[in-house]
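Here is a report on one protein chain. Look at the sequence and the model first.

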Amino acid sequence: MKRTTVVFLAFILVFALGSATEASTIGVNVNPGYSVSVDKTLDPSDDAWTITGNLGINDRLMLKLGYTTDVDMFYFGGRYELRNNLALGFGVDFGDHTDVFSLDLRGKKNLSERWDIVGVLAYTNPDGADDLISILGQLEYKIGEIGALNLGLDYVTDGDDSETYYLVGAEFYISKVCLYLDYTANIDNSDDDKLTAGVEFKF
């Protein structure tokens, strides 16, 4: 399962870049406009920074372009809104390491004024490794106009082996700036745990 774990770390990056923002909540619907985000893994600490530009072409299509320093990895992807609260995500990352293609179907249901539930079914095709299927479910709680909290589970399998991750995150809004913190933990292997912080500027 070690090889799958290594590849899934790349999948986490692809999935994060495929989200609505680079923040904790999972993006589904699309809006016109653009934003830029910068994030960094705090634990395990490394020298890499990820910079991502997001462009909402219209109320259906959003495109993304990202770059991760230190490992010189590029990402291109986006999201197409099929209908309200249902979208198709796609992405490719490429560079000095394994090239990864990802495709996902994501949906959101509003449970109340403050609570949402989000589901994502994702397929990932890493070059030189087994294909991966991921099923993610997440609860999101809005803290009024100041931010949101999330808690989720992500099940990943290559058909033979599987791993489960839990996700905890928070984001806070200051005008058109979003500050976020995400923690991803492997239930069975703490060596895969990851803490990421970032900021997004919306224009």
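## Basis

This is a predicted model: local features need pLDDT of at least 70, side-chain atom pairs count only at pLDDT 80 or more, and totals for chains, interfaces and linings use all residues. Numbering starts from 1 along each chain as its sequence is written, and side-chain values use heavy atoms, with hydrogens and water left out.

## Overall fold

Helices (H or I, at least four residues) and strands (E, at least two) are DSSP runs, numbered from the N terminus.

Of the 203 residues, 44% count as buried. Buried means under 20% relative accessible area, exposed over 50%, and partly exposed in between (1.4 Å probe, protein chains only). Among contacts (heavy atoms within 4.5 Å) with a separation of 6 or more, 41% join residues 24 or more positions apart.

## Salt bridges

The chain has four salt bridges. The rule asks for a side-chain nitrogen of Lys or Arg within 4 Å of a carboxyl oxygen of Asp or Glu. In one of them, Asp-104 pairs with Arg-106 at 2.8 Å between the closest N and O atoms. Both Asp-104 and Arg-106 are buried.

Glu-140 pairs with Lys-108, with closest N and O atoms 3.4 Å apart. Glu-140 is in strand E8 (residues 132–143) and Lys-108 in strand E6 (residues 100–110), so the pair ties together parts 32 residues apart in sequence. Glu-140 is buried, at 3% relative accessibility. Lys-142 pairs with Asp-116 at 2.7 Å between the closest N and O atoms. Lys-142 lies in strand E8 and Asp-116 in strand E7 (residues 115–126), so this pair ties together parts 26 residues apart in sequence. Lys-142 is partly exposed at 30% relative accessibility, whereas Asp-116 is buried at 4%.

## A buried glycine

Gly-77 sits in strand E4 (residues 73–83). Gly-77 counts as buried because its relative accessibility is 0%. Not counting residues up to four places away in sequence, Gly-77 touches Met-62, Leu-63, Lys-64, Phe-90 and Gly-91.
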